[in-house]
Amino acid sequence: MATRATSSKKATPAKKAAPVKKAAPVKKAAAAVKKAVVKKAAPVKKAAAAVKKAVAKTAAVTTGALMLPTIHESSTSSGLRVLAAERGPLPLVAARLVIRAGSAADPADKHGLADFTARLLRRGTAKMNADEIDETIEFVGASFSVGSSEDVLSLFVTTPAEHFPAMLSMLGQLVREPSFPEREVELARERALAGFVNDLDDPSSIADRAFTRALWGSHPYGHDIGGSSAHVKTFTRDDLVRFHRERIGPKVSLLTVVGAVSPQQVVEEAEKAFAGWVGGPDAPPELPLADQVATGRILLVDKPDQTQTQVRIGGPGFRVGHPDYFPSTSMNNALGGGFTSRLVNEVRVERGLTYGINSYFDMMNAGGVFGITTFTQTERTREMLDVTLGEVAKVRESGITPAELKKAQRYLAGLYPLRTETNESVAAVISDIRVHGLGDDWVEKFRERLMAVKSKETVEVARKYLFPQAPLIVLLGRAADVKKQLQGLGPVTVVPASDYE
C-alpha cells in the first residue's frame, strides 16, 4: 500500500494523527529504543534490556479511539475526487495526489516506466522549465516529492497556508501538462543507468531485486519498481508521453488536502488547478490476483567477491485490508518484527549470526508476501537458514505466548499515534483508507481491533502464513562456498549477479 503499505514493507496500513501530549510517553519510549540501538559500545544484551524497558513504558499509553478530522468530499469538473480536512493549529497545508498507476501498470517491455515518468513530471511543463519550477517551490518555503509503489504513484506538496493556492496550481500544472523535455529525459535515463551499475556493488539491493523477480514471476508485481538497465535504456520521450496520456488522469486519481485551509477553499482551488485535466483510463487497471507466489526452491545469486551471504526467505501473504492483518501483525511483532523478537534474540543475541534480521508482511492490492531478510558470514549460511526456519516452525506449530501477544499489542498500540502526527501523515492515512478500501472507521477502530486479538487467532495466522510449505529462498554470495551448504533444502539454481543490473 508502502510507499511499498503498508507493514511490512512497499503497503503501509492507514494511520491517524494524535494530540502531542498523548504521544509524549511513546516518544520517550522511542528515544530509549534509539539510544539502545545506536550505543554501539554497549553489549547486545544490555541494548535488548533497554529496549524491553522502553517497550514496557508504552503500556501506559492509552488505547482509546483516535479520530480523524472531519473529511469533506467533492469532485472537480474533470472528475478528480477531492478530500479536504481542516486541521490546525500550525499555518501549514499538506496535499497528496494519488494516481492508480504504479509499477504494476508498466508495459511488459518497459519495466520502470511508471516511476520514471513520475520523476520527470517536475522537470518541465507547458509554462515553466525545471529551474523555474524549483525556484517557485523554494521561494515560498514549500516542498515537493514523488513516491512510487506497485499500485500507485504519489505526489506530495507541503506549503505555508498562504501559498496553498499557488502550490496547488503548480501541482495541477505538473500532472495536466508536463512537457518531458528531451534533454531532461536523457539526463534522467543516464542517472538511472548509472544507478543500476552502482547497485551491483550493493549486495542488499541485488538480493531484493532477485527476490522480487523470483517470488512474483510473470505477475505485474514481478519486477523492481525502478525497472532494470535493459528496459530503462530503451526509454524515450514518446514512451513517457504515451504513459502519461494512457495511464495518468483525473478519474484514477485522488487529491487529499489536510491543514490550515477551509474545505470551501480547497474545493475552489482544486477546480482552478485541475479543470481541463484529461487523459488516463476511466477506472484503475484490474490486476490478476497474486495469491500464488514461488515456493519450494532456492535461487543462489553468485557474487564471488562477497564475504557475507544476503538471505531472503518468502512465501504467500495477504492483500492490504485483509481481515488477518491485526492478528498477523501482532504475531509477527513477536516473531521478528521488533528488536526484542524471537528471531532477533535467537539469531543475533544468542548465536551472533547477524547484526540484523527482520520478518514482515508486505501487502498490496492484489496480494502479499510474508518474508524474512537478513545476512550472515558465508561459512555460516546453512546455520542461519536452519536457526531462522526453526524459530519460524516453532511459532507456526505453537503460536506465540499470551505474554508475547500482550506486549506486542501494547507496543503497536502505543506507537500508532506517533506515525500520524503531521498534516502529511494524516493526508497519507486518509488517502490510503480510500484507495485501499479500508473503511472510514479504520483509524478510529485501529487500536480497539488490535487489542481484541486473541491468542488462538495468532495461532491460526501463524499456521496459515509461516511457511506451511517450503518457502522460496534467495541467497546472494560466493556460490562456490554457499551451494555445498544447501544439501537437502531443495533444488538450487545458480545465476550471476549481473543478471540483476
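User: Leaving aside its neighbours within four places in sequence, which residues is A94 in contact with?

Analyst: A94 is in contact with V157, T158, T256, V257, V258, N423, E424 and A427 once neighbours within four places in sequence are left aside, where contact means heavy atoms within 4.5 Å. This is a predicted model, in which local features need pLDDT of at least 70 and side-chain atom pairs count only at pLDDT 80 or more, while totals for chains, interfaces and linings use all residues. Residues are numbered from 1 along each chain as its sequence is written, and side-chain values use heavy atoms, with hydrogens and water left out.

User: Where does A94 lie, and is A94 buried or exposed?

Analyst: A94 lies in strand β3; strands (E, at least two residues) and helices (H or I, at least four) are DSSP runs, numbered from the N terminus. A94 counts as buried at 2% relative accessibility, since buried means under 20% relative accessible area, exposed over 50% and partly exposed in between, with a 1.4 Å probe and protein chains only.

User: How many Å apart in space are A94 and A142?

Analyst: From C-alpha to C-alpha, A94 and A142 are 9.7 Å apart, and in sequence they are 48 residues apart.

User: Switching to charges, how many salt bridges does a search of the whole structure find?

Analyst: The search finds 26 salt bridges in the whole structure, a salt bridge being a side-chain nitrogen of Lys or Arg within 4 Å of a carboxyl oxygen of Asp or Glu. One of them joins the side chains of R96 and D432, at 3.1 Å from N to O.

User: Is R96 buried or exposed, and what about D432?

Analyst: R96 is buried, with a relative accessible area of 5%, and D432 also counts as buried, at 10% relative accessibility.

User: What does S431 touch, not counting residues up to four places away in sequence?

Analyst: S431, which is found in helix α15, touches R96, V98, L254 and T256 when residues up to four places away in sequence are not counted. S431 is buried as well, with a relative accessible area of 0%.

User: Which residue does R122 form a salt bridge with?

Analyst: R122 forms a salt bridge with D134, and the closest N and O atoms are 3.0 Å apart. The two are twelve residues apart, R122 being in the loop between α3 (113-120) and α4 (130-139) and D134 in helix α4. R122 is buried at a relative accessible area of 19%, and D134 counts as buried at 16%.

User: Now helices: at what angle do the axes of α11 and α14 cross?

Analyst: The axes of helix α11 (residues 325-337) and helix α14 (residues 402-415) cross at roughly 105° and come within 9 Å. Here axes are lines fitted to C-alpha atoms, for helices over the stretch in contact, and angles run from 0 to 180 degrees between N-to-C directions. That makes α11 roughly perpendicular to α14, as angles of 65 to 115 degrees count as roughly perpendicular, under 35 as roughly parallel, over 145 as roughly antiparallel and the rest as oblique.

User: Which residues make the contact?

Analyst: On α11 they are T329, S330, N333 and A334, and on α14 they are E404, L405, A408, Q409, Y411 and L412. These divide into five nonpolar, four polar and one charged, where Ala, Val, Leu, Ile, Met, Phe, Trp, Tyr, Cys and Pro count as nonpolar, Asp, Glu, Lys and Arg as charged, and the others, Gly among them, as polar.

User: Back to the backbone, which residues does a cis peptide bond join?

Analyst: G88 and P89 are joined by a cis peptide bond, with omega about 0°, and P89 lies in the loop between β2 (81-86) and β3. Separately, F180 has a positive phi of about 45° although it is not a glycine, and F180 is buried, with a relative accessible area of 1%.

User: What is the mean pLDDT of the chain?

Analyst: The mean pLDDT, which is the predictor's confidence in each residue from 0 to 100, is 88 for the chain, and 87% of its residues reach 70 or more. However, pLDDT stays under 50 over residues 1-48 and over residues 50-63. Where pLDDT is low, the predicted coordinates should not be read in detail.
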